[in-house]
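Hi,

Here is the structure I promised to pass on. Have a look first, and my notes follow below.

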Amino acid sequence: MNPLKRFLQSTSGKIGLILTISILLISLLAPILHPYDPATDRNYLLRLKPPNSEHWFGTDGLGRDILVLVWYGMRTSLTVGLISVGLGLMVGLILGLIAGYFRGYLETVIGWLTDILLAFPSILLAIAIVTVSGPNLQSVMIAVGVVQIPIYIRLTRSMVLSLREQEFVIATKALGADPTRIIFNHILPSTLSPLVVQATLSIGTATLEAAGLGFLGLGAQPPTPELGTMLSDAFKSGYSLSSPWTTIFPGLFITLSVLAFNLLGDGLRDSLDPRS
Amino acid sequence: MNHKRWRFPLLAAVCAFAIILSNCGNPTNNNQSENPTTPAATQQGVLVYGSGGQPVNLEPGNITDGNSIIVQQQIYNRLIEFKPGTTEFQPSLATSWSVSADGKVWTFKLRPGVKFHDGSDFNAEAVKFNVERWWNPQHPNGYRNAGKSYEIWQQLFGGFKGKSESLLQDVVVVDNSTIQFKLKQPFAAFPAAIGSGYFGIASPAAIKKAAASYGTPGSLAVGTGPFIFKEWRTGDRILLEKNPNYWKKGDPKINQLVIRFITDPAARLAQLRAGQIDFTVDLAPDQRKEVESDANLVAIPRPSFNVGYLALNPSYKPLGDAKVRQAIALAINNDQIVQAFWGNLGKHDSHFTPPSLNWAQSSKITEYKYNPQKAKQLLAQAGYPTGFDLELWYMPVSRPYFPTPKPIAEAFAADLSAIGIRVKLNTKDWAAYLSDRRKPPGFQAFMLGWTPDYGDPDSFYYPHFSPGATDDIGNWKNDKVTQLLDRGRATGDKAARGKIYAEVDEILHNEAVRLPIVHSQPLLAKRKNIEGWIPSPLGSESFEQIEKK
Amino acid sequence: MCKYIAKRLLSLLPVLLGITLLVFLLLHLIPGDPAVVLSGERATPEQVEALRQQLGLDRPLPLQYLAFLEKLIRFDFGTSIISGIPIADEIKNRWPATFELSVAAMLIAIALGIPSGIFAAVRKNSWLDNLLMSGSLIGVSLPVYWLGLLLIYLFAVNLQLLPPSGRISVETGFNFKPMTNFYVLDALFRFDIATLKDVLSHLILPALTLGTIPLAIIARITRSAMLEVLLQDYIRTARAKGVPGYLIIFQHALKNALLPISTTIGLQFGNLLGGAILTETIFSWPGIGSWIYEGILARDYPVVQGGVVFVSVNFVLINLLVDISYALFDPRIQYK
């Protein structure tokens with residue numbers, strides 16, 4: 001059975017794909033569908049109004065429409081998720097390839113770094129990184145990205161280790177091809193599908209972690225809307241319980257975005273990597 | 001496959017590890033053996049206070065954070081205290097005090113027959129011991145092993161023993177119940193300063209015994225106050241017990257006082273509503289509605305005695321012009337902002353000092369009333385018809401004067417953008433925020449505030465406008481203000497001082513380097529059956545009169 | 001076997017060294033000083049400089065690092081800059097709180113996760129399977145702090161069934177002298193039913209919050225492990241021989257699926273011990289995660305150094321135990 005057919009048979013995959021595409025589309029098209037300048041939008045006479053016909057999700061502590069904030073906040077959260085996973089994937093892939101292909105002391109050093117990063121409580125590492133480089137979105141991307149690196153190092157390295165002993169690679173090597181060519185032409189393509197699966201699942205985790213940092217007040221700076229920061233604002237300002245709509249909707253949409261990528265990742269795994 | 005083989009060693013290893021760990025360290029619970037054991041608590045006799053966090057330390061003079069001070073208030077007395085709910089003095093461990101004609105020698109008569117919780121006597125020697133520790137960095141029973149000094153002493157009294165800046169010349173035991181402070185210069189606010197919440201008198205015997213660990217969780221904290229320190233479970237709670245021999249007859253009204261540490265205001269209010277705590281402080285203004293909607297709770301505003309301000313740094317070129325700073329003052333819709341974020345828990349006026357110090361304020365000031373048109377004109381006159389870029393910093397944490405700094409900053413930004421000033425909002429981790437604002441060139445504009453140590457205009461102005469206190473606003477300096485502030489310190493007569501500070505008030509209003517935004521009333525709440533709690537404007541008070549009905 | 005364990009233990013040393021180095025460097029890169037946090041608005045530059053000297057923070061970094069290591073080797077974690085409390089005492093008080101919470105969370109996760117996984121596997125592709133697996137997917141997608149807030153809102157504020165935060169209520173706490181600081185154990189040792197009830201009621205909400213993700217993961221792993229085993233030849237043989245269904249599932253299939261399940265449990269448990277910061281913050285739980293977090297905010301170097309090293313050692317040791325048990329349990333894996 002080819003992967004596409006398998007994917008289309010998986011319910012979770014299909015739901016995930018539809019959800020992911022709609023979330024991405026809505027986020028991408030936000031500036032066209034509903035142009036919005038978060039810097040000027042506020043009317044503090046309309047603070048903390050419960051959901052009504054004009055503001056479907058109610059308003060927040062500054063009198064801003066929560067629906068719009070959640071919409072734009074999702075955009076921010078997804079950007080952070082995608083970029084940080086991209087970062088973790090790139091660095092992890094390169095280090096993993098090096099470790100797996102060249103072995104020797106490089107592998108020992110990279111393995112050592114991986115072990116350290118894995119033993120360090122990931123949320124603490126992320127908090128420390130953000131504290132060092134200042135609370136803003138770039139730091140969050142870096143912090144969440146760094147936390148992802150060891151996963152990809154391990155994954156890539158184990159893939160390469162099994163591949164490099166396979167006949168086609170040994171044969172190419174014997175023919176005198178240089179290592180970069182072997183890596184890029186022969187090894188890399190074969191590692192892609194597990195990496196894609198892992199990356200899709202990681203986007204979910206990364207989005208969660210980024211929102212967690214936002215919840216601790218270590219995230220986006222105003223006026224940039226971000227879902228975790230919205231929760232943190234509501235919690236810190238003390239209206240999270242008396243105006244529950246300020247927390248319910250952001251939380252719901254964090255869950256939804258993460259769920260979309262998890263479903264998609266599940267479906268991809270079933271179709272690309274049927275053994276696991 | 002035999003999986004039982006591994007199961008046991010795994011379990012055993014985990015357990016062994018757990019037991020080893022739970023026994024590591026060396027707890028010194030010597031305080032428990034010393035205090036008289038009291039009968040089991042009855043629910044009526046237990047009062048539970050929801051604190052915004054764990055105290056740093058229970059050693060007087062060693063801390064400046066509100067969570068520590070409020071606990072110390074229960075354990076220690078100072079020489080002088082404040083009448084409940086005011087900033088006026090009343091006798092405490094000192095029964096009377098007087099100053100010499102030249103204003104340099106302060107003599108305090110001490111209350112006879114008072115004993116510390118450990119049974120040792122309170123007398124002039126004990127006072128001298130405490131003061132010497134704070135003042136003299138070389139004191140053998142000085143602060144802990146880290147070799148640190150008592151910073152707050154330096155801030156209120158100029159410097160330490162042996163330094164030229166030290167205001168104190170000597171502290172002398174005249175007799176068993178009389179102590180004298182000899183100053184180098186007159187200092188009118190001396191009783192207020194020595195009576196501020198930091199300087200509780202601790203038992204010398206206990207300090208000598210506990211040495212470096214004094215005031216930490218496993219150790220001692222022994223004063224003369226209404227409650228006896230019993231136990232401190234770190235991260236969780238402190239248990240205090242009634243002092244049966246308290247010198248104020250009839251107080252305290254309850255047998256046991258529990259202080260629970262609950263950092264988040266939402267969590268604190270939830271605990272209060274669930275009846276797990278009896279009273280709490282520092283709620284957010286937005287929680288008032290929730291408090292009032294619960295029939296079992298009562299909302300209490302703490303009397304206002306602080307200032308939340310927006311600092312404008314003249315070393316940033318556009319802000320170097322007083323017209324621009326005034327334009328900003330005119331552009332911010334203070335009344336609406338205060339109404340939105342504080343409701344009736346905050347008041348905006350044009351003075352850096354709060355309304356209760358109106359005797360030291362000028363009546364000739366014309367307020368900066370919200371007027372974007374006029375603000376634009378001023379900007380144009382100053383040469384910025386199209387505005388300029390401004391980085392405005394807001395603090396990452398909630399403070400009593402700015403409970404929700406971030407949305408307030410966003411409101412400023414919106415108002416300023418209306419007159420063409422393009423605001424970029426910034427924040428930093430609190431520690432970095434506090435120190436980086438003083439690194440040249442500093443922040444262009446930032447939010448900060450102040451709750452003073454004692455009820456005197458000097459405690460508002462000196463830390464903000466005296467030379468050396470303005471490095472966060474580009475070393476702004478005004479010779480007239482410097483002169484007036486020094487005169488205010490040396491003058492004893494209240495009416496004369498009122499005039500001096502009114503003049504300061506006027507100059508600062510025109511200079512507009514620290515724009516007063518709000519004098520807030522931090523929101524407190526209690527359960528209905530709690531009576532006798534009179535919140536102090538200075539931020540913490542004794543719970544000796546509180547009853548649980 | 002002993003050789004294998006010794007080798008693994010030895011290989012931990014460089015990792016631990018690396019962790020100490022990483023903590024140390026991160027902390028000293030963070031701008032701001034403990035002195036500033038202590039004095040708040042009152043901090044002046046001179047004071048900060050004076051305090052830096054007194055605390056030895058002005059010495060060259062390598063020297064500071066060596067001093068830190070040298071003390072660590074003697075199990076001297078130092079004392080907190082801010083409170084003066086010895087780090088070892090603080091760990092002794094707080095670690096049981098974190099451990100108890102993690103164990104409770106894991107128990108919930110195991111008690112609900114394994115049966116869900118088994119049901120889902122046995123009734124593969126039924127509505128029950130779909131329901132359970134969607135539930136578990138949602139479980140791993142939930143922000144825990146949000147779940148915690150919802151639980152507090154529902155059970156503590158609205159229904160007033162359970163306490164919103166803390167470990168023990170005040171009335172009970174007054175006469176309760178913890179011995180081990182594992183409150184549940186303390187109450188059990190004394191057969192103190194009232195205290196036990198009180199302590200457990202405080203434990204439910206945070207444990208549920210913390211346990212959600214491991215619960216979802218365990219359910220998924222159990223399902224896939226069971227499915228794999230159920231397809232094996234010997235199960236088919238057993239079935240053909242007419243062994244009753246429940247016996248096949250519990251005696252044959254589950255026993256063999258336990259290997260991946262127990263590995264997952266071990267790894268998840270390790271994660272919980274270090275990752276409970278958000279849960280501890282929301283529920284005012286006096287554990288180690290919230291302590292380290294406050295330490296970072298206050299620049300309390302010894303607290304963060306001691307705390308992180310301790311948590312990491314825990315994590316590494318638990319992983320080691322998992323590995324060793326893995327090796328013991330599965331003879332196919334060679335441990336030379």
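Before the rest, some housekeeping. This is a predicted model, where local features need pLDDT of at least 70, side-chain atom pairs count only at pLDDT 80 or more, and totals for chains, interfaces and linings use all residues. Residues are numbered from 1 along each chain as its sequence is written, while chains are lettered from A and ligands numbered from 1 in the order in which they are written. Helices (H or I, at least four residues) and strands (E, at least two) are DSSP runs numbered from the N terminus. Axes are lines fitted to C-alpha atoms, for helices over the stretch in contact, with angles from 0 to 180 degrees between N-to-C directions.

On confidence, the predictor gives the complex an ipTM of 0.84 and a pTM of 0.80. Chain C averages a pLDDT of 83, and 93% of its residues score at least 70 (pLDDT is the predictor's confidence in each residue, from 0 to 100).

Strand 15 (residues 389-393) and strand 17 (residues 445-450) of chain B pair in the parallel sense over two bridges, and B:L392 has B:A445 as its bridge partner.

In chain C, the axes of helix 5 (residues 87-122) and helix 14 (residues 288-298) come within 8 Å and cross at roughly 130°. The two helices of chain C are therefore oblique to each other (under 35 degrees is roughly parallel, over 145 roughly antiparallel, 65 to 115 roughly perpendicular, and the rest oblique). The contact (C-beta atoms, placed from the backbone, within 7 Å) includes C:W95 of helix 5 and C:W291 of helix 14.

Finally, the contact between chain C and chain A takes 31 residues from each. On the side of chain C, helix 1 (2-29) gives the most, with seven residues.

Cheers

Key: Two residues are in contact if their C-beta atoms, placed from the backbone, lie within 7 Å. Two strands pair if DSSP finds at least two bridges between them.
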